[in-house]
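Here are my notes on this one, in numbered points. Have the sequence and the model open while you read.

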Amino acid sequence: MDITFKCPNCGQELEVDSSGAGTSIECPSCARAITVPAPEAQNGEAETVEQPRTVTVSAAAKAEKHFVVPDHSGPAAALIQKASRPLEVAAKDSDKKVRIKTFKHTDCQEVGHDRFDEIISAFLDKVGWDNVISVNPISYSYVQLDTRANVADYGVLIVFRG
């Protein structure tokens, strides 16, 4: 049977095996020495303890724990974003918004195949040429993780109504 009690110094709830009753331990929360109370019997009276023992507390139990509870005083933030509407649905709306889509050349490469032109053409056909505002070339550089080489590449930024 375990003894559950609160530290008289910091109020931390502790649980000790009943064999530890009457022993002196160090509170893992406030690091002060406290005496484990005697377990209470079922009728509410405390049982007698024959010999006090010293219990050693591990280093992990002595570690300070700093927990922070977030304070949400305002409205809750949306954790799940609403999905964007498909381009076909957006193209049918009369009040079309200006949107931007960026295609990087490296994202359009498959093993042994460069599909950059195919993907850009398919996107432009899907949006509709009447909705395309501009097609702008972009250049960028990145570091390859395996070789740590700085690589220059290109892409396209498409501004469209949709």
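1. Cysteines to begin with. A disulfide here is a pair of cysteine sulfur atoms within 2.5 Å, and by that rule the count comes to 0.

2. On accessibility, buried means under 20% relative accessible area, exposed over 50%, and partly exposed in between (1.4 Å probe, protein chains only). Cys10 counts as partly exposed at 37%, and Cys30 is partly exposed at 26%.

3. A word on the source. This is a predicted model: local features need pLDDT of at least 70, side-chain atom pairs count only at pLDDT 80 or more, and totals for chains, interfaces and linings use all residues. Numbering runs from 1 along each chain as its sequence is written, and side-chain values use heavy atoms, with hydrogens and water left out.

4. Now the overall layout. The protein chain has 3 helices and 9 strands, where helices (H or I, at least four residues) and strands (E, at least two) are DSSP runs numbered from the N terminus. Along the sequence the order is β-β-β-β-α-α-β-β-β-α-β-β. Of its 162 residues, 21% count as buried.

5. Which residues make up the largest nonpolar core? The term means a set of buried Ala, Val, Leu, Ile, Met, Phe, Trp, Tyr and Cys residues joined through side-chain atoms within 4.5 Å. This core has 12 residues, among them Leu87, Phe103, Cys108, Phe116 and Ile158. Both α3 (116–127) and β9 (150–161) supply at least two residues each, and α3 gives the most, with 5. A second, separate core of 10 residues includes Ile3, Cys7, Ile25 and Val36.

6. Leaving aside neighbours within four places in sequence, Phe116 is in contact (heavy atoms within 4.5 Å) with Phe103, Lys104, His105, Cys108, Tyr154, Gly155 and Val156.
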